[in-house]
Amino acid sequence: MRISRSILIFSILNLIGVIAFIYFLPETVIFGFTGSLYASEFIGKWYNLMIPVIQVIITLIIFLVDIFNPNPHRYRYLTSWVAVSFTTYIVWVMLFLQYENFELGVKLTWPWTVIILFPFALFMLAEGFYTINKAIDDFSIFGLKWVRNNANVWKNTHRTAGKSLILVSILFIVISILNEVAI
């Protein structure tokens, strides 16, 4: 249940971030582009809320299923995290493309720091949450003999490694956003 709660909290924070970012966008923004990367279609900026709102609804359903059905499916969290990460990635790439305020027929410039750092950050965030609660019989890069021999050392090592991964992933997200917006 902690994992589904974490995914729900991430989705809510993503929605809040998208709402805050939308205020910096012009009233109409690009939505479609041609194969040659030219802007081809415009929409209102508030249409960008569709995917994050759907994410929050779906992760809320997964959280409620965890509450009422405590026997989790083996791949429930993995599939939900992959879906949330992929859609979050697409939403933020589109938001940064829209931030540039392109007109029809203008070639798009891609937000490369977001395109490169977001997948790394999302993977490290998922791995951090997984590492914090890793069982002692699971494979681990920290699975040295002296770590496996003591349950407290195992727990503290993986808690520290997981929290470090989460911190670095959040820094990657912040750095990529600041690089595109401020620099």
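This is a short tour of the structure, stop by stop.

Before you click, note that this is a predicted model, in which local features need pLDDT of at least 70 and side-chain atom pairs count only at pLDDT 80 or more, while totals for chains, interfaces and linings use all residues. Residues are numbered from 1 along each chain as its sequence is written, and side-chain values use heavy atoms, with hydrogens and water left out.

**The whole chain**

Start with a cartoon view. You will find 6 helices and 2 strands, running α-β-β-α-α-α-α-α from the N terminus. Helices (H or I, at least four residues) and strands (E, at least two) are DSSP runs, numbered from the N terminus. Of the 183 residues, 37% count as buried; buried means under 20% relative accessible area, exposed over 50%, and partly exposed in between, with a 1.4 Å probe and protein chains only.

**Stop one: Lys45**

Select Lys45, in the loop between strand S2 (39-44) and H2. Is Lys45 buried or exposed? Its relative accessibility is 6%, so Lys45 counts as buried. Follow the side chain of Lys45 to the backbone oxygen of Leu25, which it reaches at 3.3 Å. Next, show what surrounds Lys45: leaving aside neighbours within four places in sequence, Lys45 is in contact (heavy atoms within 4.5 Å) with Ile22, Tyr23, Leu25, Pro26, Glu27 and Val29.

**Stop two: a surface patch**

Select Tyr47, Met50, Ile51, Ile54 and Ile58, which make a nonpolar surface patch of about 490 Å². Zoom in on Ile54, in helix H2 (residues 50-68). With a relative accessible area of 47%, Ile54 is partly exposed.

**Stop three: Ala161**

Finish in helix H6 (residues 151-181), where Ala161 has its place. Ala161 counts as buried, because its relative accessibility is 14%. Which residues does Ala161 contact, leaving aside its neighbours within four places in sequence? They are Thr131 and Phe142.

Definitions and conventions. Patches are made of residues with over 30% relative accessible area and no salt bridge: like charges are joined within 9 Å, nonpolar side chains (Val, Leu, Ile, Met, Phe, Trp, Tyr) within 5 Å. Accessible areas come from the Shrake-Rupley method with a 1.4 Å probe; for residues, only the protein chains shown count as cover. A salt bridge is a side-chain nitrogen of Lys or Arg within 4 Å of a carboxyl oxygen of Asp or Glu. A polar contact is a pair of N or O atoms within 3.5 Å; within protein, one must be able to donate a hydrogen and the other to accept it, and residues adjacent in sequence count only if both atoms are side-chain atoms.
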